Amino acid sequence: MNISEKILALASGREEVAPGEIVDARVNVAMVNEITGPLAIEAFRKIGVKRVWDKDGIVMVLDHQVPADSVESAILHKIMREFAKEQGTRLYDVGQGGVCHQVMMEKGHVRPGELIVGADSHTCTYGALGAFATGIGSTEMAAVFATGKIWLRVPSTILVHVTGRLQRFVTPKDVILMIVGEIGADGAIYKALEFAGPTVEGMSVSGRMTLCNMAVEMGAKTGIINPDEASIAYVESRTSKPINPLRSDPDAEYEERLEFEVSSLEPQVACPHAVDNVKPVSEVEGTPVDQAFIGSCTNGRTEDLAVAAAILKGRRVKEGVRLLVTPASQEVYLEALKLGLLEVFVKAGAYVCNPTCGACFGGHMGLLAPGETCISSSNRNFVGRMGSPEASIYLASPATVAASAVTGEITDPRRLMAEA
Amino acid sequence: MIVKGEAVVFGDDVNTDVIIPGRYLTTLDPEELARHAMEGLDPEFPSKARRGVIVVAGRNFGCGSSREQAPLALKYAGVRCILAESFARIFYRNAVNIGLPVLECPGVSGMVSPGDRLTVNLAEGKVRNDTKGLTFQALKLPEFLLNIIKDGGLIEHLKRRLGRRGHV
Ligand code: SF4
């Protein structure tokens with residue numbers, strides 16, 4: 001069996017499972033944020049069960065609209081706090097956490113071999129540590145709160161094997177954008193994507209998160225990577241709970257195997273208004289931008305901020321362009337502070353703000369006006385995602401975003417740095 | 001279960017940001033969500049849907065976020081059923097869980113024009129285009145999903161189960 005099948009077999013108390021089978025699985029951890037949590041809480045109350053199945057199995061995070069930007073969001077936050085208090089569940093309040101997926105990883109709530117559901121589509125990010133993690137909706141989450149169980153169809157798996165050494169300023173984001181372009185927005189619906197190969201093994205946990213994060217952009221149920229020394233060291237430094245890393249058998253079966261060689265890969269850009277509308281940066285260089293955004297669960301980590309700072313150091317954001325930088329969590333914020341990255345951003349003329357989903361989701365800050373263009377390190381460029389339906393969003397790596405903020409037009413970071 | 005309505009037709013990859021944008025998600029009122037349903041694609045949609053419609057769409061309907069507000073907005077806007085070539089999986093589960101019928105229906109986009117009158121037999125997975133006089137077969141819903149829809153959604157379904165067994 002492959003890793004996804006093994007985890008689902010374990011979670012449903014079976015020796016073996018096969019793609020297509022429907023299993024009734026026990027959930028290890030369930031996550032909600034303030035956009036999906038209040039609806040889940042409301043639905044949970046309707047079921048009529050008094051206590052959640054396991055208070056330690058539930059993690060709640062305020063991240064989408066923090067600090068509260070309106071009375072409505074303040075009410076959502078309050079509903080979350082009251083529920084956490086009543087049930088004894090863990091809540092990461094304003095100032096304690098950051099973007100939910102980053103917090104889940106950093107705070108040791110993600111462990112290999114476990115089944116995790118989150119009421120957020122990018123829950124698939126946790127596959128970076130070898131957990132089987134998938135997004136669900138609020139009503140379903142209420143049922144998980146009550147029962148600790150969920151039905152799942154065992155997905156077939158596409159193995160994505162990546163080889164080759166990435167060039168300088170070409171990043172895991174460029175790899176995953178290229179893969180999304182190849183597989184397409186619906187190319188992996190109902191399936192699992194297992195990322196493997198030397199390039200993936202050579203990536204930090206942060207880079208692996210960027211890969212798995214965008215699995216859902218191909219319709220996948222999850223993205224997952226076999227745990228190795230690097231990911232196990234990450235987990236062990238963050239939890240004292242025992243772990244059970246499961247790995248794909250050497251003779252595991254896959255529906256399909258895709259091979260990619262990335263040593264000559266150019267930086268990639270997903271063009272408006274679809275995540276799979278991916279082009280090499282050379283085809284869109286020169287497109288003027290009004291706003292640039294570095295942050296989100298895709299690319300708001302220290303590694304991402306560091307590559308952006310390397311480009312922005314001693315340079316300035318182009319007059320007429322605004323650059324927003326949002327560390328993905330309090331931990332990242334502090335690290336970036338200690339490393340002097342925040343100073344680089346501020347000196348370059350960037351707007352640095354608190355950990356939040358913020359501009360990624362067009363909820364409460366950094367919104368776009370009609371006719372404006374944004375280049376963003378996040379994961380979705382749908383119509384209206386970041387504000388006006390008449391705005392355009394390009395997705396790229398933090399390096400490409402930083403380089404574009406300097407020149408005011410979409411720019412290959414390799415070229416900018418070669419000219420220096 | 002039989003569902004009838006006029007068809008409203010959309011293309012491929014209709015995502016949750018166009019179904020209901022992030023900036024409206026602070027409300028818990030489904031009627032308010034419904035007023036913005038499909039705003040990114042067709043601002044007239046809520047007035048069209050009010051009399052009860054069946055949405056017909058291409059591939060990957062509902063892709064994007066896990067926001068349950070997306071199927072809720074459609075349901076409260078007046079959508080009685082969604083027929084698509086394929087669905088994004090989280091949207092599909094969410095729709096079933098809130099009691100909005102969804103049927104995977106390969107080939108459907110070629111057989112329906114906007115405004116056609118449709119009759120859907122959910123239990124049999126049969127769709128009839130009454131305007132064009134065509135009948136075609138969708139993928140049948142597994143029985144346990146059909147039961148959730150029949151009960152009006154997962155919460156009602158669980159309540160019944162709990163009622164019978166007294167515990168979860
Ligand atoms: S950063 Fe963006 S994609 Fe990630 S959880 Fe927040 S809103 Fe969703």
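Predicted model: local features only at pLDDT ≥ 70, side-chain atom pairs only at ≥ 80, totals over all residues.
Who lines it? Chain A gives A:Val216 and A:Gly219 to the second largest cavity, and from chain B come B:Gly62, B:Cys63, B:Gly64, B:Ala88, B:Arg89, B:Ile90 and B:Phe91.

## The largest cavity

How many cavities of 30 Å³ or more does a search of the whole structure find? There are 3 of them. The largest cavity holds about 230 Å³ of space. It has 23 lining residues, and those closest to its centre are A:His64, A:Asp120, A:His122, A:Phe361 and A:Arg385. Two elements of chain A each give two or more residues to this lining: helix 4 (100-106) and helix 11 (296-299).

Sorted by class, the lining of the largest cavity comes out as 9 nonpolar, 9 polar and 5 charged residues. Both domains of chain A take part, with at least three lining residues drawn from each of domain 1 (3-260) and domain 2 (268-418).

## What sits there

So far we've talked about space; now for what takes it up. The ligand takes the space of the largest cavity. Around the ligand you'll find A:His64, A:Val99, A:His101, A:Asp120, A:His122, A:Ser296, A:Cys297, A:Cys357, A:Cys360, A:Phe361, A:Asn379 and A:Arg385. In terms of class, that shell has 5 nonpolar, 5 polar and 2 charged residues.

## A look at one leucine

A:Leu91 belongs to strand 4 of chain A, which covers residues 90-92. Is A:Leu91 buried or exposed? It counts as buried, because its relative accessible area is 13%, and the cut-off for buried is under 20%.

A:Leu91 and A:Val205 are 114 residues apart in sequence, and their C-alpha atoms are 24 Å apart in space.

Notes:
Residues numbered from 1 in each chain as written. Chains lettered and ligands numbered in written order. Heavy atoms only, no water. Near = heavy atom within 4 Å. 1 Å grid on protein atoms, 1.4 Å probe; cavity = no way out; pocket = protein on both sides within 12 Å on 5 of 7 lines; lining within 4 Å. Sits in = over half its atoms within 2 Å of the grid points. Nonpolar A, V, L, I, M, F, W, Y, C, P; charged D, E, K, R; others polar. Points joined across faces, edges and corners; volume = space filled by probe spheres on them. Helix = DSSP H or I, 4+ residues; strand = E, 2+ residues; numbered from the N terminus. Domains from an automatic or database assignment. Buried < 20%, exposed > 50% of the residue type's maximum accessible area, 1.4 Å probe, protein only.
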